[in-house]
Amino acid sequence: MSGTTLHLRSELGKALEHRSALTPTTAKALLDAGYTVNIERSPERIFDDSEFEKVGATLVPENTWREAPADHIIIGLKELPVEEFPLKHVHVQFSHCYKNQGGWEKVLARFPRGGGTLLDLEFLVDERERRVAAFGYHAGFAGAALALETWAWQLTHPASEPFPGVSSYPNEGALIVDVKKAIAVGKEKSGKDPRVLVIGALGRCGSGAVDLCLRAGVPTENVLKWDMAETAKGGPFPEIVESDIFINCIYLMSKIPNFVDMKSLDTPDRKLSVICDVSADTTNPNNPIPVYTVATTFKEPTVPVEVKGEPRLSVISIDHLPSLLPRESSEAFSKDLLPSLLQLKDWRTTPVWSKAEKLFQEKVATLPKSALE
């Protein structure tokens, strides 16, 4: 027996977050390996509490991770709710604070203030420096779906009626049915299929966006698949403005030339009506799409961009797009993460986790003293 307890917290920090870092299948694998697995009850999680209970996990009340013994490892997905109290545990989650996003100092400082450690899932990499698990494919898939639906909606509704709120789907097939219906409506109104430009098309996220477009019936020749070779010359790119939909799927780490900006949008050749920033680096100072500043939500999926003339332009910048397909995205992610989870009992010495800790310590070292007080 490892003597290590893993505590899956309920996702309280993000509205309509139905995904889970653990599934009943991966929870059973961890139990079989000798871990104790505590699962917080959750009314939002896509997996019923009973599914975890059936495989032998222990159900505990929601939001009890705070009182858990200090040696329990807290597992989650999205960032914790914005609060002030110090954090004493090891937390495995996405934190969105390593790229100097807005408010990153307050988020990160809670860990050293309480003696806790952040093992950020975004930076969990193998010996080849490749991420061991990511939601990228389903993020791109969901983002492309909403972008196509928004394109069609804007063709058939006035600006006073923005694209309405959405909720999660039981599976990819059900989502594709709705997207196909939307495309048919848009095509009837415009007389043409949409042209979609995907940047980052060779990565996980971009491949998901491309797959959705093709499975929904967008002709292959209308899906422009760009990656590093096409963007090497530096933007802004007129090809984006001349497309109906632009889907940004890059993984941003440093400043690059803008893909599109307000100046490049100011042209009579503009056909662009929807931008889906799957990367959702809204508060990142290096965001290469500086035409919006608002993160959108499933309740309000789009934000308008003040442009001249027609068509009107909307941005989708939802930072948890895979929750549109919570069961499939969770199962894929947790399956990929499982080999690393099985090594958590030795997280200080296992390469994949010790590298994550080193990165955490390096980032903590950059905190201003005022954040630690």
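Arginine 19 pairs with glutamate 17 in a salt bridge, with the closest N and O atoms 2.8 Å apart. A salt bridge here is a side-chain nitrogen of Lys or Arg within 4 Å of a carboxyl oxygen of Asp or Glu. Arginine 19 and glutamate 17 are both buried (under 20% relative accessible area; exposed is over 50%, partly exposed in between; 1.4 Å probe, protein chains only). The model is predicted: local features need pLDDT of at least 70, side-chain atom pairs count only at pLDDT 80 or more, and totals for chains, interfaces and linings use all residues. Residues are numbered from 1 along each chain as its sequence is written, and side-chain values use heavy atoms, leaving out hydrogens and water.

The whole structure holds 13 salt bridges. One of them joins lysine 28 to aspartate 32, with the closest N and O atoms 2.9 Å apart. Both residues lie in helix H1 (residues 24-32), 4 residues apart, about one turn of the helix. Helices (H or I, at least four residues) and strands (E, at least two) are DSSP runs, numbered from the N terminus. Lysine 28 is partly exposed at 39% relative accessibility. Aspartate 32 is exposed at 57%.

Another salt bridge connects the side chains of lysine 99 and glutamate 122 (3.3 Å, N to O). This pair links distant parts of the chain, 23 residues apart. Lysine 99 sits in the loop between strand S5 (90-93) and helix H3 (104-114), and glutamate 122 in the loop between strand S6 (117-120) and helix H4 (136-156). Lysine 99 is buried at 11% relative accessibility. Glutamate 122 is buried at 7%.

Glutamate 122 also meets tyrosine 251, through a side-chain polar contact of 3.0 Å. A polar contact is a pair of N or O atoms within 3.5 Å; within protein, one must be able to donate a hydrogen and the other to accept it, and residues adjacent in sequence count only if both atoms are side-chain atoms. Tyrosine 251 occupies the loop between strand S9 (245-248) and helix H9 (262-265). Its relative accessible area is 40%, so tyrosine 251 is partly exposed. Beyond four places in sequence, tyrosine 251 touches Lys99, Glu122, Phe123 and Arg131 (contact: heavy atoms within 4.5 Å).

An unreviewed UniProt entry assigns the feature "binding site" to residues including Tyr251 and Val278. The annotated positions span 192 residues in sequence, and the farthest two C-alpha atoms are 25.7 Å apart, so they do not all gather at one spot. UniProt positions follow the numbering used here, feature names are shortened, and annotations may be inferred rather than shown by experiment. Valine 278 is buried, at 9% relative accessibility.
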